[in-house]
Amino acid sequence: MTTRPVRTAVAAAVLMLGAAACSSSGGGDPLAAKSPAGQGGSGKTVVVGSANFPENVLLASIYSQALQAKGVKVEEKFNIGSREVLYGQLQSGALTVLPEYNGALLGYLDAKSTATGKDAVNAELTAKLPAGLGILDSAPAEDKDSLTVTQDTADRLGVKSIADLAGKSQDLVVGGPPEFKSRREQQFKDVYGLTFKEWKPTADTTANALKDGTVQVGNVFTTDPKIVQLKLVSLDDPKNLFSSQNVTPLVNKAGLDGTGTAALNAVSAKLDTAGLTALMKRVAVDKEDPSAVAKDWLKSNGLG
């Protein structure tokens, strides 16, 4: 992703909620064992981990409760830290399951990869992961860069995709993080033939800048709760200018059996971007407990 660190403001605001969701992670070292070993997966407790930002905690809680609904014994170790720490824990077997984002994970394994679409990204991931690790089915849900507009702008211009901005972009001001122009200006020209009237560094105020008309187009993450709150529209990206960032379970294959695999794949089949965005509004804006939000989602989708 282009600017995941920008989301730390949201993360900080609800980090304590994420911690409250960790029914077995408790305080202290999140990697320390908090529950006795039980039967599940390949005869072991399945250990579900998460990174230390609220969306990942929410996804981990969904995974954990989906597994438990199928009779799998689960230990939760949430809010652990960065991918660098988490990946090593998956390799060692200290963690069994982790919610990942396929494009970001591929970028971590191969910074020079040019894969963009979901299938291409997952094919490269499968080839580059060590033998003990694997990915399960990717969800349609993505937390990725987007070009976003207000509903009024979408209706006025008649746009549903980035491609629809051709012939119109020269009259539009685009906002995003400070580095957005240097990273993306040439790509928009090459891939979609777009040249914007002006680029404004709006950083984490981009959604609000769209709403107040400071910019007409903005770089907003697709699961940002403000998309729902402010009734914004993320434009489709038919040429995959932004790399796929599908929510994807990363697993230590020795620790998960067919029952666990099927449970997680069933979650992926039901989880889309609009749904995840709505869930994140409940967590980040409405300040609901992520574990309760996860439980509601599983129940409403027949998985809990």
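In these legends, contact means heavy atoms within 4.5 Å. The model shown is predicted.

**Figure 1. The whole protein, before we zoom in.** Welcome to the structure: the secondary structure of the protein comes to 12 helices and 10 strands. Of its 304 residues, 53% count as buried. Take the contacts between residues at least 6 apart in sequence: 78% of them join residues at least 24 apart.

**Figure 2. Helix α3 and its buried side.** Here we look at α3, which runs over residues 83–92. Its buried residues are Leu86, Tyr87, Gln89 and Leu90. Around the helix axis these residues cover an arc of only 160°, so they sit on the same side of α3. That buried set packs against the strands β1 (46–51), β2 (74–81), β3 (97–101), β4 and β10, and against helix α4 as well. Turn to the face pointing away from the buried side and you will find the exposed residues Glu84 and Ser92.

**Figure 3. Helix α5, with one face covered.** Which residues of α5 (residues 118–128) are buried? They are Val121, Asn122 and Leu125. Viewed down the axis of α5, the buried residues fall within an arc of 95°, and therefore they line one face of the helix.

**Figure 4. The largest nonpolar core, and another one apart from it.** The largest nonpolar core holds 54 residues. Within this core, the residues with the most contacts are Val48, Leu58, Leu67 and Val247. Helix α2 (residues 54–69) gives the most to the core, namely 8 residues. Another core, of 20 residues, lies apart from it; Leu147, Phe188, Val233 and Leu241 are among its members.

**Figure 5. Leu58 and its neighbours.** This close-up picks out one of the residues with the most contacts inside the largest nonpolar core. What does Leu58 touch, leaving aside residues up to four places away in sequence? Its partners are Leu276, Leu279, Met280, Val283, Pro290, Val293 and Ala294.

**Figure 6. Helix α2 meets helix α11.** These two helices pack at an angle of about 110°, and their axes are 10 Å apart. An angle of 65 to 115 degrees counts as roughly perpendicular, and α2 and α11 are therefore roughly perpendicular to each other. Their crossing is right-handed. From α2, the contact is made by Pro54, Glu55, Leu58, Leu59 and Ile62; from α11, by Leu276, Leu279, Met280 and Val283.

**Figure 7. Helices α11 and α12, side by side.** The axes of α11 (residues 273–284) and α12 (residues 290–300) come within 9 Å and cross at roughly 150°. Angles over 145 degrees count as roughly antiparallel, so α11 is roughly antiparallel to α12. The crossing in which α11 passes α12 is right-handed. On the α11 side the contact is made by Leu279, Arg282 and Val283, and on the α12 side by Pro290, Val293, Asp296 and Trp297.

**Figure 8. Two residues with positive phi that are not glycines.** In the loop between α11 and α12 you can find Lys287. Its phi is positive, about 60°, although Lys287 is not a glycine. With 44% relative accessibility, Lys287 counts as partly exposed. A second example is Ala203, in the loop between β7 (198–201) and α8 (206–212). Ala203 also is not a glycine, and has a positive phi of about 50°. Its relative accessibility is 31%, so Ala203 counts as partly exposed.

**Figure 9. Gln245, a residue in a loop.** Gln245 has its place in the loop between β9 (232–234) and β10 (247–252). Is Gln245 buried or exposed? Buried means under 20% relative accessible area, and Gln245 is buried because its relative accessible area is 4%. The view also takes in Leu106: Gln245 and Leu106 are 139 residues apart in sequence, and their C-alpha atoms are 9.7 Å apart in space.

Conventions: Residues numbered from 1 in each chain as written. Predicted model: local features only at pLDDT ≥ 70, side-chain atom pairs only at ≥ 80, totals over all residues. Heavy atoms only, no water. Buried < 20%, exposed > 50% of the residue type's maximum accessible area, 1.4 Å probe, protein only. Helix = DSSP H or I, 4+ residues; strand = E, 2+ residues; numbered from the N terminus. Arc of directions from axis to C-beta. Core = buried A, V, L, I, M, F, W, Y, C linked by side-chain atoms within 4.5 Å. Axes fitted to C-alpha atoms, helices over the stretch in contact; angles between N-to-C directions. Parallel < 35°, antiparallel > 145°, perpendicular 65-115°, else oblique. Left-handed = near helix turned anticlockwise from the far one by under 90°.
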